[in-house]
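Okay everyone, thanks for making time for this.

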Amino acid sequence: MKILSWVLVIAGICGLIGVRVLEDTLFYDPFLGYFHEANKNIEFPAFEWGKLIAGHVLRFILNLFFSCLIIYGLFKNKDWTIQGVVLMIVVFSITFPIYLYCIHSKFEIGYLFSFYMRRFVIQPLIILLIVPMFYYRKQVISKES
């Protein structure tokens with residue numbers, strides 16, 4: 001059973017890396033180059049709202065799937081995996097509309113603020129909080145037993 005757990009964790013990590021490496025070919029995101037330049041004076045790129053939203057939602061779904069593999073592989077607990085999914089969906093449902101507003105206002109709200117909102121939308125950063133939280137929970141439960 002340990003081997004299957006490690007296979008799930010490694011598959012999840014490789015999947016997240018794959019999403020990141022193939023981001024420019026898998027997803028429509030004209031802001032990749034915009035933020036890669038790190039120059040707030042660069043011209044605001046033209047884009048299509050529908051394609052942009054669909055690309056971000058697809059990316060979120062892939063990141064969510066691979067993150068679930070990691071959580072389940074590490075903790076082997078279906079309830080915790082579902083809690084992780086709920087937490088990631090809550091964070092996405094908060095940050096995505098904020099990021100879309102940033103795009104709508106052409107990042108007038110602030111370049112760095114928009115940059116970091118985008119990070120929460122396109123990267124599975126919440127997994128970096130969920131894994132230690134569940135690990136701590138596991139330690140507390142094992143001490144109580």
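Let's start in a loop: find K76, which sits between helix 4 and helix 5. Before I go on, keep in mind that this is a predicted model.

For background, most residues other than glycine have a negative phi. As for the surface, K76 has a relative accessibility of 39%, so it counts as partly exposed.

Now, there's another residue with that kind of backbone angle. K106 isn't glycine either, and its phi is near 55°, again a positive value. You'll find K106 in the loop between helix 5 and helix 6. Is K106 buried or exposed? With 53% relative accessibility, K106 counts as exposed, because the cut-off for that word is over 50%.

Okay, let's zoom out for a moment. The protein chain has 7 helices and 0 strands. Along the principal axes, the C-alpha atoms fill a box of roughly 60 × 30 × 25 Å. Of the 145 residues in the protein chain, 39% are buried. And if you take the contacts with a separation of 6 or more, 71% of them come from residues 24 or more positions apart.

Helix 4 covers residues 49-75 and helix 5 covers residues 78-104. The crossing of helix 4 and helix 5 is right-handed. What kinds of residues make up the contact of helix 4 with helix 5? There are 19 nonpolar, 5 polar and 1 charged.

Next up, the inside. In soluble globular proteins, nonpolar side chains tend to be buried together. In our model, the largest nonpolar core has 28 residues, and F31, F35, I71, Y99, I103 and F107 touch the most other members. Two or more residues each come from helix 3 (31-36), helix 4, helix 5, helix 6 (111-122) and helix 7 (127-144). Which helix gives the largest share? That's helix 5, with 9 residues. Apart from this core lies another one of 6 residues, including L16, F27, F66 and I70.

Leaving out residues up to four places away in sequence, I103 touches F31, F44, F47, W49 and L52.

Last stop: F75, which belongs to helix 4. F75 has a relative accessibility of 10%, so it counts as buried. What does F75 touch, if we again skip residues up to four places away in sequence? The answer is W80, V131, F134, Y135 and K138. For a sense of distance, take F75 and T25: they're 50 residues apart in sequence, and 33 Å apart in space from C-alpha to C-alpha.

That's my tour, and I'm happy to go back to any part of it.

Methods:
Residues numbered from 1 in each chain as written. Predicted model: local features only at pLDDT ≥ 70, side-chain atom pairs only at ≥ 80, totals over all residues. Heavy atoms only, no water. Axes fitted to C-alpha atoms, helices over the stretch in contact; angles between N-to-C directions. Helix = DSSP H or I, 4+ residues; strand = E, 2+ residues; numbered from the N terminus. Left-handed = near helix turned anticlockwise from the far one by under 90°. Nonpolar A, V, L, I, M, F, W, Y, C, P; charged D, E, K, R; others polar. Core = buried A, V, L, I, M, F, W, Y, C linked by side-chain atoms within 4.5 Å. Buried < 20%, exposed > 50% of the residue type's maximum accessible area, 1.4 Å probe, protein only. Contact = heavy atoms within 4.5 Å.
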